[in-house]
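Subject: Model handover

Hello,

Here is the model for your files. Please open it first, then read the notes below.

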Amino acid sequence: MDGDFVKTGIEGLDQMLNGGIPRGNQVVLAGGPGAGKTLLSFEFLYRNAKAGNTSLLFALEEEPERVLMNAKKAFTSFTDIDELVKSKKLIIDGEDLVGVLRSGASSDSSQYEFGKIVSDIESLVSSSKANAIVIDSISVLDLLLNEPLAYRRSMLALASNLRRLGITSILTSELQNPERSKLQFQTEFFLFDGIIVMYGKGEEEKREQAMEVIKMRGTKHSFVTTPYDITQDGINVITPEDMAL
Ligand SMILES: Nc1ncnc2c1ncn2[C@@H]1O[C@H](COP(=O)(O)OP(=O)(O)O)[C@@H](O)[C@H]1O
Ligand SMILES: [Mg+2]
């Protein structure tokens, strides 16, 4: 049974997914800024590494060092992060795309940059033998390519590359409007096997965060909108089972 899934290691989310992410799936993790996409992704990779696998984070929005620093600050009970990094079970790499964007890249150099990212990811996956990767985020690629057709083509290329590598992946994506009632999906989301959304719920003063599995090929997942908290012990997903206790 376990062989069919890569566990996120986040208990409530694995319950929602009825076991974990089906092996080899490409999952878009979408949400507003500050929803916890990077932290959730990090926890997934951390727990996957702790279980003896090799995990890979490819950061495009922030420097890899900053991702690591923020994760350590948020998850103070994860005291063995450095060990996992040192033993190369947890590999945090990336490309400073924000820097490229600031320098005002031309469309030719953007295409080149995108090609370089895809090939860097490919060689990292092959050399590390990682079973799971997070690309944080694909929204930066949208900014980089800056043209819907170029972006869609590039997403197709990325999706088919990841599929060929057979790696289980999470691609984070920034939602413009993270309210449930205003959810809109860009067409490229349908290229991927799964969509998990993290969004704000409720009125201004009592805003709550909740997540929902919109789609996940290969598993009978929950459709329930499920609240979560970011705690020092990880993302705490409060499933209906938890509430019944
Ligand atoms: N040290 C911390 N302690 C508790 N919560 C934190 C800490 N650092 C960040 N957070 C929470 O995590 C959120 C940022 O998470 P992040 O994964 O970076 O969001 P996203 O990638 O979706 O923009 C913050 O808005 C805050 O709510
Ligand atoms: Mg982020």
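A residue counts as buried if 20 or more other C-beta atoms lie within 10 Å of its own, exposed if 12 or fewer, and partly exposed in between, with C-beta atoms placed from the backbone. Lysine 88 is partly exposed because 14 other C-beta atoms lie within 10 Å.

Two points on provenance. This is a predicted model: local features need pLDDT of at least 70, side-chain atom pairs count only at pLDDT 80 or more, and totals for chains, interfaces and linings use all residues. Residues are numbered from 1 along each chain as its sequence is written, while chains are lettered from A and ligands numbered from 1 in the order in which they are written.

Backbone geometry

Most residues other than glycine have a negative phi, and most peptide bonds are trans. Lysine 88 has a positive phi, near 60°. It sits in the loop between α4 (81-86) and β5 (90-94). Helices (H or I, at least four residues) and strands (E, at least two) are DSSP runs, numbered from the N terminus.

Lysine 129 also has a positive phi near 60°. Its loop runs between α6 (107-128) and β6. Lysine 129 is exposed, with 10 other C-beta atoms within 10 Å.

There is a cis peptide bond between aspartate 136 and serine 137, with omega about 5°. Serine 137 belongs to the loop between β6 (132-136) and α7 (139-145).

Ligand 1

Which residues are around ligand 1? They are Gly31, Pro33, Gly34, Ala35, Gly36, Lys37, Thr38, Leu39, Lys73, Ala74 and Ile230. Near means that the C-beta atom, placed from the backbone, lies within 6 Å of the molecule or strand. Two elements, α2 (37-50) and α3 (64-74), each give two or more residues to this shell. The largest share, 3 residues, comes from α2. By class, the shell has 5 nonpolar, 4 polar and 2 charged residues. Ala, Val, Leu, Ile, Met, Phe, Trp, Tyr, Cys and Pro count as nonpolar, Asp, Glu, Lys and Arg as charged, and the others, Gly among them, as polar.

α2 against α3

These helices pack at an angle of about 85°, with axes 10 Å apart. Axes are lines fitted to C-alpha atoms, for helices over the stretch in contact, and angles run from 0 to 180 degrees between N-to-C directions. So α2 is roughly perpendicular to α3 (65 to 115 degrees; under 35 is roughly parallel, over 145 roughly antiparallel, the rest oblique). Thr38, Leu39 and Phe42 in α2 meet Val67, Ala71 and Ala74 in α3 (contact: C-beta atoms, placed from the backbone, within 7 Å). The contact has 5 nonpolar residues, 1 polar and no charged.

Best wishes

Technical notes
Contact = placed C-beta atoms within 7 Å.
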